[in-house]
Amino acid sequence: MTPDQKFSRYVRLSLVGFVLIFIYYLIADTFMPVTPQARIYHPVVQVAPQLSGEVTQVFVSNNQTVKAGDVLFQIDRGPYDIALTQAKLALDDAKLQNKRLDTNIKSLEAQIKAASAKLHEQKLLQQRSTALYKQRAISEQELEAMRANYEASVANKSALEAQLSEALLARGDSGENNLTVRHAANQLAEAKLNLSYTQVRARNDGVVSNMQLREGAYAVKGNPLLAIVTSETDLVADFREKSLTHMAENSVAKVVFDSLPGEVFDAHIDSFEAGVSDGQLSANGTLSVTETSNRWVRDAQRQRVHIVLQDNEALVEGMPSGARATVQLLPESTLGQWFGTLQINAISWLHYIY
């Protein structure tokens, strides 16, 4: 065989091999897709204080494991101690004010009793004066004076009753149901709550990460000061849309982690993400933006799939958030599962190289 014939043979074999590999790629990408775009996520809780103040003590360090309820750092409690004392004084003052009102009410009630007695006396005097006037025993001027005294007694009693009604309205309910006392008690409860907020506690179990907080820093209400990486895990993989055509929930999967080359773990599809950010529309008051691309073949859209390992969740929990993985989905056919398993095992060994 001449050199030209050998070269021609090699070219033909290469073309045939390329065609076979291309056909295999098309079939594999449709029925047993694989993606290196997989990652482990741990929910991260941003810890923000619920009030402002200087940080006086920090009780945790970077990468420290914490439990829910552990104190993370302390905010200067001086201003909030003063506020608590002021709230207590306000409550005592409200109770004292109610006692003053009670005393005033009793005084008005006594005055009303005296005014009632005086009114009764003036009424009798008026009746007697009217009888005497008819008998011409007294003058008209004396009769008018008696009537004036009677009207003054009526007005005096009415004024005292109005004052009593106003005092009773100001006093309100008695005991702890009194509105003024309830307002003061509410302010006291708020002051106690704010004082408790000076100790910022962990809401979840997890690990403190990227700890930069130091004593002397000024904490601003609502601004995160540190982050806790929780132990909950979520293994997600991004596949091209067409690669998921023949896949459903509970479909078999194989997972290889970059940190564990050569090891393949059994898994299955737990759920499909409802959408991606590219498909989200916001009511922002602007006109729609059309997609533009100069490429003849546009990039394939990827959809997110949530993966669950079989009997190896503890392994995933021990990995850091952001750890990379490669996920292979397997079809239901035995032949397809055999090829898919062979493919992911080959990829696992390649992780020793890259």
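In which loop is Asn63 found? Asn63 is found in the loop between strand 3 (53–58) and strand 4 (65–66); helices (H or I, at least four residues) and strands (E, at least two) are DSSP runs, numbered from the N terminus. The structure is a predicted model, in which local features need pLDDT of at least 70 and side-chain atom pairs count only at pLDDT 80 or more, while totals for chains, interfaces and linings use all residues. Residues are numbered from 1 along each chain as its sequence is written, and side-chain values use heavy atoms, with hydrogens and water left out.

Asn63 has a positive phi of about 65°, although it is not a glycine. At 54% relative accessibility, Asn63 counts as exposed; the scale calls a residue buried under 20% relative accessible area, exposed over 50%, and partly exposed in between (1.4 Å probe, protein chains only). A positive phi is also found at Asn210, where the value is near 50° in a residue other than glycine. Asn210 lies in the loop between strand 7 (206–209) and strand 8 (218–219), and its relative accessible area of 56% makes it exposed.

The surface also carries a nonpolar patch, formed by Phe18, Val19, Phe22, Ile23, Tyr25, Leu26, Ile27 and Phe31, with about 780 Å² of accessible area together. Patches are made of residues with over 30% relative accessible area and no salt bridge, with like charges joined within 9 Å and nonpolar side chains (Val, Leu, Ile, Met, Phe, Trp, Tyr) within 5 Å. The areas come from the Shrake-Rupley method with a 1.4 Å probe, and for residues only the protein chains shown count as cover. Phe22 is partly exposed, because its relative accessible area is 44%.

Attention now turns to charged pairs. A salt bridge is a side-chain nitrogen of Lys or Arg within 4 Å of a carboxyl oxygen of Asp or Glu, and by this rule the count comes to three salt bridges. One of them joins Arg77 to Asp81, with the closest N and O atoms 3.1 Å apart. Arg77 is partly exposed at 39% relative accessibility, and Asp81 is partly exposed at 28%.

Another salt bridge pairs Asp238 with Arg304, whose closest N and O atoms are 2.9 Å apart. Asp238 lies in strand 10 (residues 234–240) and Arg304 in strand 13 (residues 302–309), so this pair ties together parts that are 66 residues apart in sequence. Asp238 counts as buried at 18% relative accessibility, whereas Arg304 is partly exposed at 27%.

There is also a salt bridge between Asp266 and Lys254, with the closest N and O atoms 2.4 Å apart. This pair links distant parts of the chain, for Asp266 is in strand 12 (residues 265–272) and Lys254 in strand 11 (residues 252–257), 12 residues apart. Here Asp266 is partly exposed at 40% relative accessibility, while Lys254 is buried at 15%.

The next topic is the space between the atoms. Rolling a probe the size of a water molecule over the atoms shows where empty space is left. On a 1 Å grid over the protein atoms alone, a pocket is an open set of points where a 1.4 Å probe fits, with protein on both sides within 12 Å along at least five of seven lines; lining residues have an atom within 4 Å of a point. Grid points are joined across faces, edges and corners, and a volume is the space filled by probe spheres set on the points.

The largest pocket holds about 520 Å³ of space. It is lined by 18 residues, and the closest to its centre are Asp278, Gly279, Leu281, Val289 and Glu291. This lining divides into four nonpolar, nine polar and five charged residues, where Ala, Val, Leu, Ile, Met, Phe, Trp, Tyr, Cys and Pro count as nonpolar, Asp, Glu, Lys and Arg as charged, and the others, Gly among them, as polar.

The second largest pocket has a volume of about 220 Å³. Of its 13 lining residues, Ala48, Gln50, Val200, Arg201 and Arg203 are the closest to the centre. At least two residues of this lining come from each of strand 2 (44–47), helix 4 (179–197) and strand 6 (199–201). By class, the lining has seven nonpolar, four polar and two charged residues.
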